[in-house]
Amino acid sequence: MTAVASTGAAAFLGRYEGLRTRLPGARVAWVEALRNGAAEAFRAQGFPTRRMEAWRYTDLASVAGAVFGEPLTGVEDATEIPAAAGPRAVFIDGRFRPDLSTLDALPYAADSLARVLPTLDGRIGTIARPAEQPMAALNTMLFEDGLVVDVPAGVAGGVLELLSLATDSERAPAYHPRHLVRLGAGASLTLLETAAGPQAARYLHNPVFEIEIAEGARLAHGRLQQEGREGVFLSTVYARVGAGGAYDNFTLNAGARLARNEIHVALTGPKAEAHMNGVQLVGDGQHADTTTTLDHAAPDCSSRQTYKTVLAGRSRGVFQGKIHVHQVAQKTDGYQMNQALLLSPEAEIDSKPQLEIYADDVKCSHGATVGELDADHLFFLRSRGIPEAQAKAILVEAFLTEAVEAVAEEPIRAALTRGVAGWWQRQGVAGGIEEA
Amino acid sequence: MPAVTETLETVQSVTDSGYKWGFETEIEMEFAPKGLNEDIVRFISRKKDEPAWLLDWRLKAFAIWKKMEEPTWAAVKYPPIDYQDSYYYAAPVQKAKPKSLDEVDPELLKTYAKLGIPLKEQAILAGVEGAGESPADSGRMPIAVDAVFDSVSVATSYKERLAKDGIIFCSISEAVHEHPELVRQYLGSVVPQGDNFYAALNSAVFTDGSFVYIPKGVRCPMELSTYFRINAKSTGQFERTLIIADERSHVSYLEGCTAPMRDENQLHAAVVELVALDDATIKYSTVQNWYPGDAEGRGGIYNFVTKRGACRGARSKISWTQVETGSAITWKYPSCILQGDDSVGEFYSVAITNNRQQADTGTKMFHIGKNTRSTIVSKGISAGKGQNTYRGLVKISPKAHGARNFTQCDSLLIGDQCGAHTVPYIENRCMTAKVEHEATTSRIAEDQLFYCRQRGLNEEEAVGMIVNGFAREVLKELPMEFAVEAQKLLQISLEGSVG
């Protein structure tokens, strides 16, 4: 294949033109219509720019200006991945790898999207809003694969791992997996998602999730974003929760040069719940963005959000979170807290919590704090003989505790604690904290 | 001050609409031709006999404005404004320039008396009875008033008394002639011509407004005040206020405004610039009571205002307090640029939207100097079909070591047809800065209402009392006379929203 040197929206639109007959579902009319519609939406919007309100703090110019290649199919690489502890779906450069996955004897269906795409009419593209989100439009136009999970009503699905790895490739691949998760009434599942890649590899990982949670069902969704330091991770999650259902999302946003963790949750049935927590660990040279919207579209729903950002070195953190209470959503209980801790004089944090409320019988609040480590706390620990670096580590851990402890699921919490510890060690080695 | 002598009873017996300032004064007026172009800008400048530099300044602003687009990011909806379908200059015909208050057209004096604005000067010495129609508070310090009627300032009281302390208090048109060096130095230094669409429009066509200069070390002995009145049909009001507080000075400034009840929407696009030098303090209070339109949303003022203060000096302080009850649409973000080390910015706001009113208001605090501090307290009350948005920015630059901000935004919803929105932006680039923001939204609790009703208050009174309690943190920042008026205004604004 010849290298295409064009960049930005034009390059991706060009790629779509070139690939449209070969993408999964190419000869299926509804898939084609879906992709064409998304291509139109992407053409109309282009790559996000800072002039778009939703992107005012995250500049994608470096992504729009980069040349990406296509991932090679059927790489026979020897990517070393740890042994699976249970059911696991593995994606390499966005493609499902049955040989590396363990999805046998599950009490529910889990499959590769590329394989079952023709059967997904009316299922894909129902929650995502490509017209409003250019990255979702890009994903819809070009998705090649993804994970499709269907947990039937009443089934307790246990834990499922979703591992998404980038390979060390010269091609700087861009891939756009589309994952669909559906839980029937009263079903449950813990989905533990890890995204990782080699430190030096350049790539764009642009996943979109569409999650449907029926009445009384519960999905715990843990996300460990540990992409390589040259990677770009732009992910968008759309979730819809029915009456009495619950969606728990915990995201550790720690890797990648540029990462955006965008989550849209709609509570569409009475007494639905959402718990969204996250930790952003942003080191030298990194940019991490968490953007959430919570739509309260039914009465008696509740939502809880706690997001913590720690910034070291020359870095930038972003939090944007909107709670939208529709007029029907009386008796809404919504709460959101976002806090940032600056460990370096070169760090920047931008925070935009937002309430949009059209119902009167509601209890909604949000809070935001920004600051450095408390000098008194540090002095207290130092006066007890604890070295400065360690004292700082203790205080940072304490700062993160509130968000981490909110995670009810043990497997997610354990993975998360390991992720935080790993990041902290790397910062220590890099001297990101000492500089502060 | 205005309406201070009224009791709650008389206030409650007002007209059906509740807006008792909605009368129109019959007076001979002079207009510029309708529409907006360079000739109109020249016309205004000529009318005011302005020096060439100011005309050039206006024309530059007009050129910038023509290239700008009307902002659409605020959470307000209104049909497109035809900027050509309005008069940009309207002034009462004056035979000769009045030399004292006694020479001012009695119709105008009557108008202001009807609005409750004392233009007649009282004797200053404490204990000496003032002139007949003064408020019943002869022991208290009087208030100096600059009265702006449509496009011109018609009277300014207590000028001589203030001049004894070296204080300049006059209309900006006068200042252009009498103190050109000050005007030239500071005009547009806080809000430049191209700052935003409405500021550019104002810079091109501003007609009058107040000018204040407080010299070094002087504490202004009385409250200064401007009362803005829109009277003529199909006019916009574009006033420009400039206040300079020199080192170690102190001034408290009040602003009030009303307009007749009309089915048409009238545009009010003002610019206010404040400059505080070392150790100076400016307290700027507004009770905004423009005609809000009727219950169906017909008529009312579009209040698109740019207000900004620069704390240029060390330890300077600028405090904004606003009670926003009027206007069909409010678009207003009084801000502070905290340049001087240890300077302080404050923003206290109560905004009410009832019927179909829309308000998108808040503040911006720019922390640039070391140890700068800012406090934001915003109380939004939505009733009827009103939409109320707090929009604010706290921005901390890398060098603002030790900067501190605290923000509290509370919203109260009355009825299920209204909306309350909070959009704060926090941008921090300084490690040692500390920012705290909290926001809540709720409605009046049933048990609070029950408690009041059980003690014999009717529902409207109970709501009024609870709302006043909700807004107390802000109201207590107002000078006393304004606080009394503001409390009543809150009550009137909410009439018909319960039961």
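This is a predicted model: local features need pLDDT of at least 70, side-chain atom pairs count only at pLDDT 80 or more; totals for chains, interfaces and linings use all residues.
Residues are numbered from 1 along each chain as its sequence is written, and chains are lettered from A in the order in which they are written. Local features need pLDDT of at least 70 and side-chain atom pairs count only at pLDDT 80 or more, while totals for chains, interfaces and linings use all residues.

Chain B has eleven helices and 24 strands, where helices (H or I, at least four residues) and strands (E, at least two) are DSSP runs numbered from the N terminus. Its radius of gyration is 22 Å, close to the 23 Å that the globule rule gives for 499 residues, so chain B is as compact as a globular protein of that length; the radius is taken over C-alpha atoms, and the rule is 2.2 Å times the number of residues to the power 0.38. Along its principal axes, the C-alpha trace of chain B spans about 65 × 55 × 55 Å.

Turning to contacts, two residues count if their C-beta atoms, placed from the backbone, lie within 7 Å. Among contacts in chain B between residues at least 6 apart in sequence, 82% join residues at least 24 apart.

Strand E20 (residues 348-357) of chain A pairs with E23(B) in the antiparallel sense over six bridges, pairing being called when DSSP finds at least two bridges between two strands. There, A:Ile357 stands opposite B:Ala420.
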